[in-house]
Amino acid sequence: MADIDSDHNLLMMKSNLQFKKIVTRKFSDRWHINKLKEEKANDKFKELTNDININERTDINNRWDIIKRTVTEAASKTLKENKTTVPRKEWITAEILSMIEERRKLKNGTTLESQRKYRELRNLVIRKSKEAKKIFLEEKCKEIEMQMRNGSGDAAYKSVKNFFNDYKPKRGAIEDNNGVIIYEDIQKGDIWENYLEQLYEGPELTGEKIENEEVMDNSSNYSVLREEFNKALRDLKKKKAAGIDEIQAELWK
């Protein structure tokens with residue numbers, strides 16, 4: 001390097017880069033729960049789940065594994081749907097779905113011809129989707145107008161709510177003991193602090209042994225009543241995400 005008159009000093013450094021670990025999410029089987037409304041699919045699912053033979057001497061964990069495996073296998077046989085067969089939007093037709101699938105295959109094409117077909121198909125999908133959405137909205141509006149004319153205000157309101165049920169963020173305000181609305185974060189923190197102090201106010205806890213206190217024996221052989229189980233099953237809400245068992249509430253019902 002030639003000597004030049006400069007005030008820049010050359011530096012040398014070492015750096016170690018630690019890349020973020022990408023954790024792939026495990027997706028459970030996609031089940032089309034709405035197919036349970038069809039009589040044929042519903043009867044088939046009941047047929048596969050009603051014949052569960054469990055020995056009473058079997059361990060409770062093994063019983064649960066048998067029940068879960070039976071339900072999931074029945075759902076996979078009767079309610080299994082491919083991703084391409086369940087459109088995200090109601091106005092997406094089977095024709096548009098087939099074009100989307102063909103467009104996906106052409107997306108990674110390397111030739112000029114495949115790239116040209118991909119662009120043409122992409123524009124066609126966009127145009128067809130807009131036309132289908134316009135027709136769908138017009139039919140939806142006509143349906144709501146007909147419900148209003150027939151005096152079915154509740155049905156019309158329900159249709160509008162189901163279609164335009166946009167998320168509305170809640171305001172982060174709370175009331176104090178006097179009913180005054182508080183918006184400032186510091187004041188809200190003080191209110192929560194006073195509330196928790198009053199909530200957990202009581203005698204100071206010590207490490208001394210509590211005598212003459214009735215304690216429930218967790219090892220007692222207590223079983224859940226059938227009425228309690230039926231009530232819990234009835235109270236399960238529909239159209240909710242599956243829990244740790246990865247089974248929707250509609251399948252249990």
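1. Helices H4 and H5 are roughly antiparallel to each other (an angle over 145 degrees), because they pack at an angle of about 155 degrees with their axes 7 Å apart. H4 covers residues 112-149 and H5 residues 153-163; helices are DSSP runs of H or I, at least four residues. Axes are lines fitted to C-alpha atoms over the stretch in contact, with angles from 0 to 180 degrees between N-to-C directions.

2. The model is predicted: local features need pLDDT of at least 70, side-chain atom pairs count only at pLDDT 80 or more, and totals for chains, interfaces and linings use all residues. Numbering runs from 1 along each chain as its sequence is written, and side-chain values use heavy atoms, without hydrogens and water.

3. Helix H1 (residues 39-50) and H2 cross at roughly 150 degrees, their axes coming within 9 Å. H1 and H2 are therefore also roughly antiparallel. On the H1 side the contact (heavy atoms within 4.5 Å) involves Ala 41, Lys 44, Phe 45, Leu 48 and Thr 49; on the H2 side the residues include Val 71, Ala 74 and Ala 75.

4. The largest nonpolar core has ten residues, among them Trp 31, Phe 45, Val 71, Ala 74, Ala 75 and Ile 247. Such a core is a set of buried (under 20% relative accessible area, 1.4 Å probe, protein chains only) Ala, Val, Leu, Ile, Met, Phe, Trp, Tyr and Cys residues joined through side-chain atoms within 4.5 Å. Helix H2 (residues 60-78) gives the most to this core, three residues.

5. Beyond its neighbours within four places in sequence, Ile 247 contacts Trp 31, Lys 68, Val 71, Thr 72, Ala 242 and Trp 252.

Conventions. Buried means under 20% relative accessible area, exposed over 50%, partly exposed in between (1.4 Å probe, protein chains only). Helices (H or I, at least four residues) and strands (E, at least two) are DSSP runs, numbered from the N terminus. Angles under 35 degrees count as roughly parallel, over 145 as roughly antiparallel, 65 to 115 as roughly perpendicular and the rest as oblique.
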